[in-house]
Amino acid sequence: MTTIAKSDLVPEQWSAGETFGYYIYPLEADYKKKDFLFRISSATIKQDTSFFTQFLHYNRYLVMLDTDLVIEQNGKGKLIAKQEVFYFSSEDFIKSYTKGADFNVMLHRSIINHRLVVDRSILLQPQGFVMVFALETTKVNTCSGNYTLQAADLLLIDLTIDPIKSLFCQNNAIIAQWVLP
């Protein structure tokens, strides 16, 4: 079980703002080499028009944290509401017309059993990883313990080490689970 506070992260620059890398797996993976199985991050978009970084062989979940997202996905206009889950291939051509902050989970295509929700609870599969990203200060209750997360903090649980069956958050949070190949 790993808790990561956003205040402990060092931002890196990307073409339209900053990105905060919460977790990459395996730990020795290199984001720039694109040799990871999954990456959890948050980013700011500071330009009126920007382009999402494309990655071959990855799927992506994105949730806007503070505003709606106006994009073109492969040339087709789309509006994604604040805190709505946007799932897409990271190979898609995404042009954004929105400034704001987002949360991202990138999964290698070999990971086929996954889901991400904005909710207070989730029933878990007995394997893989589960993560909770706090949208505001929240308490997270599991059968193995209780945790308090501040806004933008992340809780990551490896279910092979801590096989919890469910979790419940005091407030809505971004909750995801996936099973490695």
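Buried means under 20% relative accessible area, exposed means over 50%, and partly exposed is anything in between, using a 1.4 Å probe and protein chains only. Keep that scale in mind for the views that follow.

This is a predicted model, in which local features need pLDDT of at least 70, side-chain atom pairs count only at pLDDT 80 or more, and totals for chains, interfaces and linings use all residues. Residues are numbered from 1 along each chain as its sequence is written, and side-chain values use heavy atoms, with hydrogens and water left out.

**View 1. The protein chain as a whole holds 17 strands and 0 helices.** Strands (E, at least two residues) and helices (H or I, at least four) are DSSP runs, numbered from the N terminus. The C-alpha atoms fill a box of roughly 45 × 30 × 30 Å, taken along the principal axes. The radius of gyration, taken over C-alpha atoms, is compared here with a globule rule of 2.2 Å times the number of residues to the power 0.38. For 181 residues a compact globule would come out near 16 Å, and the protein chain has 16 Å, which agrees. Buried residues make up 49% of the 181 residues. Among contacts (heavy atoms within 4.5 Å) with a separation of 6 or more, 67% are between residues 24 or more positions apart. The protein chain exposes about 8,800 Å², and carbon and sulfur atoms supply 51% of that area. Accessible areas come from the Shrake-Rupley method with a 1.4 Å probe, and for residues only the protein chains shown count as cover.

**View 2. Four strands line up in an open sheet in the order E5-E10-E7-E8.** The pairing in this sheet is antiparallel, and two strands count as paired if DSSP finds at least two bridges between them. Strand E5 (50–51) and strand E8 (76–80) stand at the edges with a single partner strand each, so one side of each has no neighbour in the sheet. Strand E7 (residues 69–73) is joined to E8 by 5 bridges, and the two run antiparallel. To find one of these bridges by eye, look for Leu69, whose bridge partner in E8 is Ile80.

**View 3. Glu18 and Lys46 meet in a salt bridge at 3.8 Å, N to O.** The pair links distant parts of the chain, with Glu18 in strand E3 (residues 17–25) and Lys46 in the loop between strand E4 (38–45) and E5, 28 residues apart. A salt bridge here is a side-chain nitrogen of Lys or Arg within 4 Å of a carboxyl oxygen of Asp or Glu. A search of the whole structure finds 3 of them.

**View 4. Asp48 forms a salt bridge with Lys99, with the closest N and O atoms 3.6 Å apart.** Asp48 sits in the loop between E4 and E5, while Lys99 sits in the loop between strand E10 (94–96) and strand E11 (100–108), 51 residues apart. Asp48 is exposed, with a relative accessible area of 53%, and Lys99 is partly exposed at 46%.

**View 5. Arg109 and Glu91 form a salt bridge, their closest N and O atoms being 2.8 Å apart.** Arg109 lies in the loop between E11 and strand E12 (113–123) and Glu91 in the loop between strand E9 (85–89) and E10, so the pair ties together parts that are 18 residues apart in sequence. Arg109 is partly exposed at 32% relative accessibility, and Glu91 is partly exposed at 31%.

**View 6. Asp158 is buried yet has no salt bridge.** Lys and Arg count as positive and Asp and Glu as negative, while His and the chain ends are not counted. On that basis, the nearest side chain of opposite charge is Lys165, 15 Å away. Asp158 is found in strand E16 (residues 154–158). Leaving aside its neighbours within four places in sequence, Asp158 is in contact with Gly128 and Phe129.

**View 7. The loop between E3 and E4 holds Pro26 and Lys34.** The peptide bond from Tyr25 to Pro26 is cis, with omega near 0°. Lys34 has a positive phi, near 55°, in a residue other than glycine. At 39% relative accessibility, Lys34 counts as partly exposed.

**View 8. His57 also has a positive phi, near 70°, in a residue other than glycine.** His57 is placed in the loop between E5 and strand E6 (58–64). With 46% relative accessibility, His57 counts as partly exposed.
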